[in-house]
Amino acid sequence: MSLRFSRRETEKLLSERWLLQLDQSGFDKLQKSTEGWAAGLVLAEDQIRAGHEIPELFSAKRQVRQKVYEYLADE
């Protein structure tokens, strides 16, 4: 059992639950940025709804960026 959202699960979450529509490019960036992790998707949702670009949450070396760290530390 995987804790990550599959591509299909992410598409369903965005379209049916959050009522967000992304073009293919935006969706690809979201999947790459969050790697399907729920906390990443929630952080990205806030940014998308605020009209910002989809955030890059993980670096190429898979290190958690400051915003992700702060969010998880607060939780």
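This note goes through the predicted model point by point.

1. **Basis.** This is a predicted model, in which local features need pLDDT of at least 70, side-chain atom pairs count only at pLDDT 80 or more, and totals for chains, interfaces and linings use all residues. Residues are numbered from 1 along each chain as its sequence is written, and side-chain values use heavy atoms, with hydrogens and water left out.

2. **Confidence.** pLDDT is the predictor's confidence in each residue, from 0 to 100. The protein chain averages 83. At least 70 is reached by 87% of the residues. Among the elements, H1 has the highest mean pLDDT, 93. H4 has the lowest, 73. Where pLDDT is low, the predicted coordinates should not be read in detail.

3. **Fold.** The protein chain has four helices and zero strands. Along the sequence the pattern reads α-α-α-α. Helices (H or I, at least four residues) and strands (E, at least two) are DSSP runs, numbered from the N terminus. Contact means heavy atoms within 4.5 Å. Of the contacts between residues at least 6 apart in sequence, 47% join residues at least 24 apart.

4. The accessible surface of the protein chain is about 5,600 Å². Carbon and sulfur atoms account for 50% of that surface. These areas come from the Shrake-Rupley method with a 1.4 Å probe; for residues, only the protein chains shown count as cover. Buried means under 20% relative accessible area, exposed over 50%, and partly exposed in between (1.4 Å probe, protein chains only). Buried residues make up 31% of the 75 residues in the protein chain.

5. **Core.** A nonpolar core is a set of buried Ala, Val, Leu, Ile, Met, Phe, Trp, Tyr and Cys residues joined through side-chain atoms within 4.5 Å. The largest one has 10 residues: Leu 13, Leu 14, Trp 18, Leu 20, Phe 27, Leu 30, Leu 41, Ala 44, Ile 48 and Ile 54. Helices H1 (7-17), H2 (24-34) and H3 (38-49) each give two or more residues to this core. H3 gives the most, with three residues. In soluble globular proteins, nonpolar side chains tend to be buried together.

6. **Helix H1.** Which residues of H1 are buried? They are Thr 10, Leu 13 and Leu 14. Seen down the axis of H1, the buried residues fall within an arc of 90°, so they line one face of the helix. The arc is that of the directions from the helix axis to the C-beta atoms. These buried residues pack against H2 and H3. On the other side of H1, Arg 8 and Glu 16 are exposed. Leu 19 follows H1 and has a positive phi, near 55°.

7. **Phe 27 and Gln 31.** Not counting residues up to four places away in sequence, Phe 27 touches Arg 7, Thr 10, Glu 11, Leu 14 and Leu 22. Gln 31 sits in helix H2. Gln 31 counts as buried because its relative accessibility is 16%. Leaving aside neighbours within four places in sequence, Gln 31 is in contact with Phe 5, Ser 6, Arg 7, Thr 10 and Gly 36.

8. A salt bridge is a side-chain nitrogen of Lys or Arg within 4 Å of a carboxyl oxygen of Asp or Glu. The count comes to four. Arg 7 and Glu 11 form one of them (3.9 Å, N to O). They are four residues apart in helix H1, so about one helical turn separates them. Arg 7 is partly exposed at 35% relative accessibility, and Glu 11 is partly exposed at 36%. Glu 45 also forms a salt bridge with Arg 49, with the closest N and O atoms 2.9 Å apart. Both lie in helix H3, four residues apart, about one turn of the helix. Glu 45 is buried at 14% relative accessibility, whereas Arg 49 is partly exposed at 48%. Salt bridges that share partners join Arg 7, Glu 11 and Asp 28 into one network.

9. Glu 53 pairs with Lys 29 in a salt bridge, with the closest N and O atoms 3.6 Å apart. This pair links distant parts of the chain, 24 residues apart. Glu 53 is in the loop between H3 and helix H4 (66-74), and Lys 29 is in helix H2. Glu 53 counts as exposed, at 62% relative accessibility. Lys 29 is partly exposed, with a relative accessible area of 35%.
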